Amino acid sequence: MTSPGRGEVFSYKNFELTLYGSHNLDGMRQWVKRQQYQSSCPSWDLVLLAFSKRAWPDLKAMIKLWERLIKSCPSVYKKVLLCSFEHTKAWKPNASEKLAVDQIVAQSDRKLFWSESWRDFESFLTIKQDQQHKPFNILVIGSYYFVSTCRDQLAQK
């Protein structure tokens, strides 16, 4: 049995969402390590990535880790949406952090995007469905607050 937020999968509209809480730099490193050693890794049409409040050097390191992961696995991670969410403990970048995020996004070959709200995720899915009408694969990763927010709010619809 899968623990809530640790590989939990559910469907919403024509999306298959995998929820994976990985709330700190060590957790993100473990995700990357696990991906490198898996013989078969799913392909993600979109990754929703959000963090809780923490020190900027840790946040920047996690964002840079994802930037490298996107570049090393472009067919696995088609688009990554770095975003914020509605929670008192959610990371909302200040002006200097936002500038740094904009610079990282600009260097990502249109694979990494920033949005103030994760709810904009559907507008980032411009990939055409194949003839078999498979659902879009979406990975929701980052803060456990974020993962549970997504699960709770999408399950209500």
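The side chains of Asp152 and Arg151 form a salt bridge with an N to O distance of 3.8 Å. A salt bridge here is a side-chain nitrogen of Lys or Arg within 4 Å of a carboxyl oxygen of Asp or Glu. Side chains of opposite charge can pair when their charged atoms come close. Asp152 is partly exposed, at 42% relative accessible area, and Arg151 is partly exposed at 22%. Glu8 joins Arg151 and Asp152 in a network of salt bridges.

The structure is a predicted model, in which local features need pLDDT of at least 70 and side-chain atom pairs count only at pLDDT 80 or more, while totals for chains, interfaces and linings use all residues. Residues are numbered from 1 along each chain as its sequence is written, and side-chain values use heavy atoms, with hydrogens and water left out.

By the rule above, the count is 9 salt bridges. The table gives three of them, including the pair already described.

| Pair | N to O distance |
|---|---|
| Arg29 and Asp26 | 3.5 Å |
| Asp102 and Lys98 | 2.7 Å |
| Asp152 and Arg151 | 3.8 Å |

Arg29 and Asp26 both belong to helix H1 (residues 25–37), where they are 3 residues apart, about one turn of the helix. Arg29 is partly exposed at 44%, whereas Asp26 is exposed at 53%. Asp102 and Lys98 are 4 residues apart in helix H3, again about one helical turn. Both are partly exposed, Asp102 with 34% and Lys98 with 22%. Helices (H or I, at least four residues) and strands (E, at least two) are DSSP runs, numbered from the N terminus.

**The sheet**

Six strands make an open sheet in the order E1-E2-E6-E3-E4-E5, and their pairing is mixed. Strands E1 (6–12) and E5 (112–115) are at the edges with a single partner strand each, so one side of each has no neighbour in the sheet. On average, neighbouring strands are turned by 20° against each other, direction ignored. Two strands count as paired if DSSP finds at least two bridges between them. E1 and strand E2 (residues 15–21) pair in the antiparallel sense over 6 bridges, and Ser11 stands opposite Glu16 in E2.

Helix H3 (residues 95–106) packs on the sheet, touching strand E4 (80–83) and E5, and its direction makes about 150° with that of E5. Helix H4 (residues 144–155) lies across E1, E2, strand E3 (46–50), E4 and strand E6 (136–142), at about 140° to E6. Contact means heavy atoms within 4.5 Å. Axes are lines fitted to C-alpha atoms, for helices over the stretch in contact, and angles run from 0 to 180 degrees between N-to-C directions.

**The cores**

A nonpolar core is a set of buried Ala, Val, Leu, Ile, Met, Phe, Trp, Tyr and Cys residues joined through side-chain atoms within 4.5 Å. The largest has 27 residues, of which Trp31, Phe51, Trp66, Tyr77, Leu82 and Ile141 touch the most other members. H1, E3, helix H2 (56–72), E4, H3, E5 and E6 each give two or more residues to this core. H2 provides the largest share, 7 residues. Beyond its neighbours within four places in sequence, Phe51 contacts several residues, among them Met28, Leu59, Leu82 and Trp91. A second, separate core of 24 residues includes Tyr12, Leu19, Ile138 and Cys150.

Terms used:
Buried < 20%, exposed > 50% of the residue type's maximum accessible area, 1.4 Å probe, protein only.
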